[in-house]
Amino acid sequence: MKEQLVNIFVYGDETHVQAIGWRVYEKAGPYKELVEFLQSRVQPDHRVARREDLKKPILRREFEAMNRLYPFASELVGTGVVDENSIYCVTHIVSGEVRLDETLNVSGGGAVPDYLRIYSTEEGFDFSRLIQDDYFEAIHLLWNNRKYLSCLKLVFSAIDTLGYVEYGPGGGNCFAKWLDNYCDLGKIGVTSDELWELRNSLIHMTNLDSRKVRSGMTHRLLPRIIHPDRDVAPFVDGMKVLHVARFVIIVLSEGIENWLRSYNQDPTKFGEFVERYDTIVSEARFRRIQD
């Protein structure tokens, strides 16, 4: 029995995707041989494939992110160009050259489910549930078991990650920048630099004295655990008090909401998010690998 085989091509340059093309065959044989046939035809096919330009070029990282959520090959199925049960391969053509390392068999599936699919809903991508599963589930577990210092360490680590995802590896002090841009630290009377120094001393040494604190360049912060609605004295024995509950439960939560809102305001950020979050060692994905 003959199968429909389709070579699908993504045309563009190093930064943008500009068009999609395809070449259709009918051929019988074992699945592996059919895929190998498609791959052997990549070089001649991409030059003569039927080609349709996109309405406007799309940044490559945006295209890759959206393609993982809504594979463009499935759209070709909807047009009748590709049968639903066809075997197809996708190859990227960059500035006229075949990128063999980007050739992939879309018919197969990975061992670990793509988190983009898992957290995709009819309303869009569920950032909140992803961040909850990867970070705040463990943070809540520590908090509810009164492991407050360990909880604060994990909170600081989560802010590191959010800052990296937002600004990238060359973004300077992403921790402080993320806090300044998205959190109202005035509600707890501390600065992002002071939190940065506490983060350094707690994570690396489990004490309150970073180099800048010891040199007198910044205040020593004293974490205080009290209900978020209750006020604390701003200073105790010369140390500035960090209202931990108000910081974690109110200020940080509002900051994350502001950060997530920025993706609605600027959807082009999603491609960068995926590109950077792909490199994160995720709690949820790690569990799935073990399972």
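Is Tyr-277 buried or exposed? At 1% relative accessibility, Tyr-277 counts as buried; buried means under 20% relative accessible area, exposed over 50%, and partly exposed in between, with a 1.4 Å probe and protein chains only.

Before going on, the ground rules. This is a predicted model, in which local features need pLDDT of at least 70 and side-chain atom pairs count only at pLDDT 80 or more, while totals for chains, interfaces and linings use all residues. Residues are numbered from 1 along each chain as its sequence is written, and side-chain values use heavy atoms, leaving out hydrogens and water.

Back to Tyr-277. Its ring forms an aromatic pair with Phe-273, stacked, at 5.1 Å centre to centre and 15° between the planes. Rings of Phe, Tyr and Trp (its six-membered ring) pair if their centres lie within 6.5 Å; planes under 30 degrees apart count as stacked, over 60 as edge-to-face and the rest as tilted. Both residues lie in helix H12, residues 269–277, 4 residues apart, about one turn of the helix. Helices (H or I, at least four residues) and strands (E, at least two) are DSSP runs, numbered from the N terminus. Phe-273 is buried too, at 0% relative accessibility. Ring pairs also place Phe-273 and Tyr-277 in a cluster whose members include Trp-178, Tyr-182 and Trp-259.

The structure holds 20 aromatic pairs. In another of them, Phe-156 and Phe-247 have ring centres 6.5 Å apart and planes at 45°, so this pair is tilted. Phe-156 lies in helix H7 (residues 148–167) and Phe-247 in helix H11, so the pair ties together parts 91 residues apart in sequence. Phe-156 is buried at 0% relative accessibility, and Phe-247 is buried at 0% as well.

Helix H11 also carries Ser-262, buried at 8% relative accessibility. What joins the side chains of Ser-262 and Lys-269? A polar contact of 2.6 Å, that is, a pair of N or O atoms within 3.5 Å; within protein, one must be able to donate a hydrogen and the other to accept it, and residues adjacent in sequence count only if both atoms are side-chain atoms.

Last, the sheet. Three strands form an open sheet with mixed pairing, in the order E8-E10-E9; two strands pair if DSSP finds at least two bridges between them. The edge strands are E8 (221–224) and E9 (235–236), each pairing on one side only. E9 and E10 (residues 239–243) run antiparallel, joined by 2 bridges. Val-236 has Met-239 in E10 as its bridge partner.
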